[in-house]
Amino acid sequence: DVLPSPEGPVPSVSITEIRQYLRAQGIPFHDGYSCLHTPSLFTDVREDQPPAATASTPYTLFVDKTTGSFLCTATLAEGTWQDFQANVELRHRGIPPASSEDPEEDMRRAREDARCIWDRALPFWELLDEEETSKTKAMFGISLVSDATLKRFGVRYLRAAKSLVFPWFSPRDATLKGLKLMRVEKKGDVISYVEETLPRFDSYRNLFGLPLISRRDTELVLTGWELDALALHQATGVASLALPRGATCLPPALLPYLEQFKRITLWLGEDLRSWEAAKLFARKLSLKRCSLVRPGHLQPRPLEALNQGLNLTRILRAALPASHKSIVSFRQLREEVFGELVNTEQVAGVKWARFPELNKLLKGHRKGELTVFTGPTGSGKTTFLSEYALDLCMQGVCTLWGSFEINNVRLAKIMLTQFAGRRLEDQLELYDEWADRFEDLPLYFMTFHGQQNIKTVIDTMQHAVYMYDITHVVVDNLQFMMGHEHLSVDR
């Protein structure tokens, strides 16, 4: 995915400007946790008035406090802050705002494919017999998840692909918008879960379990996996949702759907990376209302906890508030310190799969650290860095590339070749298959080239961190970004 180009840098808007504009236009709003709530511009356009606030008006339009982007949950219209202002202008002139509900051709085809798969998949209680049902459940480790729970969440089984099927229904009219397929792969004793989504990840705005949330629910548990959401709901009865990409990222487009909750508990997984992700997501969701379940051997992920017969309600009650006070005593840090001692391997960071020698030197990739690679021209810095970044990216580390020296097409070609591990120019018929897999990586490119204004670059990075939960930024290379005349200045 390419971030907005430098010719039109991300127009930043402050929360103060947004509030002032809404007041000046006479549009009523509530101040939410991560969004401002206003009545929708898109629901009924009969007069050239701003949307009026009557007692019964639902506030279904949400404006993100950080970026100004909006989403109307009633009509699914969305856009930038500039689009919002344009729609207000149109409304004043009595022109109905354009609804963005016309899906593109690819999107429509993906939805039709999803519908075909959904129709072929069977609900669990329609499988051949008890034996097939129990075998299938055992394969996914969900023997203790009841048919009633699977039915409630609409989970089905696709026999041909030996996959579980998780539907994504529109919260507005309960139509099928897409789905996620999950199958099990065994290598020796190691079990891994392979997921595939229709439509693709970047347009997959699903929160699994959303249609089951009622307006009255004020408490929520956010999980990183669909099977965890099932286990949690069954064991505790609390409202639970699963994020579409697990602990990798929390897309801001999902924040409006989480505004109604006064308390959100993040229980994303059982390793330190999901703990780090939970702390990051809590900042987006507003720390005041978030609690975090700390991973540990007595607090594994929800499905594992259900299978081990642990008390999930008790684990939820013991969740830690996300907002730390400014001063703490060792007693409050004691558990965290113990966690770091138990998980020394994980604390060292994400290991490189392709560079065991590098792991000895750097231990792993950790957030908040700067690594400088130097070497003469042509010594292979870019080739090595793209391999180095790709290695982490394939393990789910969200990566942003700023290539100031070679253009993105060439860089992407190098990375795709390294990813496929073969010369694709000799096997063009394989291009689409590898390109599809490459597209699913959490990898983004900045569109800068040559010397740049440092502020613009930093603003773009900050925007990327908020939008895509970037945890790894590669700048190649520093002197191209700075321009040569700045080399005497210590920057």
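**Close-up views of a predicted model**

**View 1. The helices H13 and H14 cross in a right-handed sense.** A crossing is called right-handed if the near helix is turned clockwise from the far one by less than a right angle, and left-handed if anticlockwise; helices (H or I, at least four residues) and strands (E, at least two) are DSSP runs, numbered from the N terminus. By class, the contact of H13 with H14 has 5 nonpolar, 4 polar and 1 charged residues, where Ala, Val, Leu, Ile, Met, Phe, Trp, Tyr, Cys and Pro count as nonpolar, Asp, Glu, Lys and Arg as charged, and the others, Gly among them, as polar. This is a predicted model, in which local features need pLDDT of at least 70 and side-chain atom pairs count only at pLDDT 80 or more, whereas totals for chains, interfaces and linings use all residues. Residues are numbered from 1 along each chain as its sequence is written, and side-chain values use heavy atoms, with hydrogens and water left out.

**View 2. Helix H13 (residues 381–393) packs against helix H14 (residues 408–420) at an angle of about 60°, with the axes 10 Å apart.** That makes H13 oblique to H14, the class left for angles that are not under 35 degrees (roughly parallel), over 145 (roughly antiparallel) or 65 to 115 (roughly perpendicular). The axes are lines fitted to C-alpha atoms, for helices over the stretch in contact, and angles run from 0 to 180 degrees between N-to-C directions. Thr382, Thr383, Ser386, Glu387 and Leu390 of H13 meet Leu411, Ile414, Met415, Gln418 and Phe419 of H14, contact meaning heavy atoms within 4.5 Å.

**View 3. Ile18, Tyr21 and Leu22 are the buried residues of helix H1 (residues 15–24).** Seen down the axis of H1, these residues fall within an arc of 95°, so they line one face of the helix; the arc is that of the directions from the helix axis to the C-beta atoms. Buried means under 20% relative accessible area, exposed over 50%, and partly exposed in between (1.4 Å probe, protein chains only). Gln20, Arg23 and Ala24 are exposed on the other side of H1, while its buried residues pack against strand E2 (35–38), strand E3 (61–64) and helix H2 (81–92).

**View 4. Leucine 250 lies in the loop between strand E12 (240–242) and strand E13 (263–267).** Leucine 250 is buried, with a relative accessible area of 0%. Leaving aside neighbours within four places in sequence, leucine 250 is in contact with Leu243, Leu255, Phe281, Lys284, Leu285 and Asp469.
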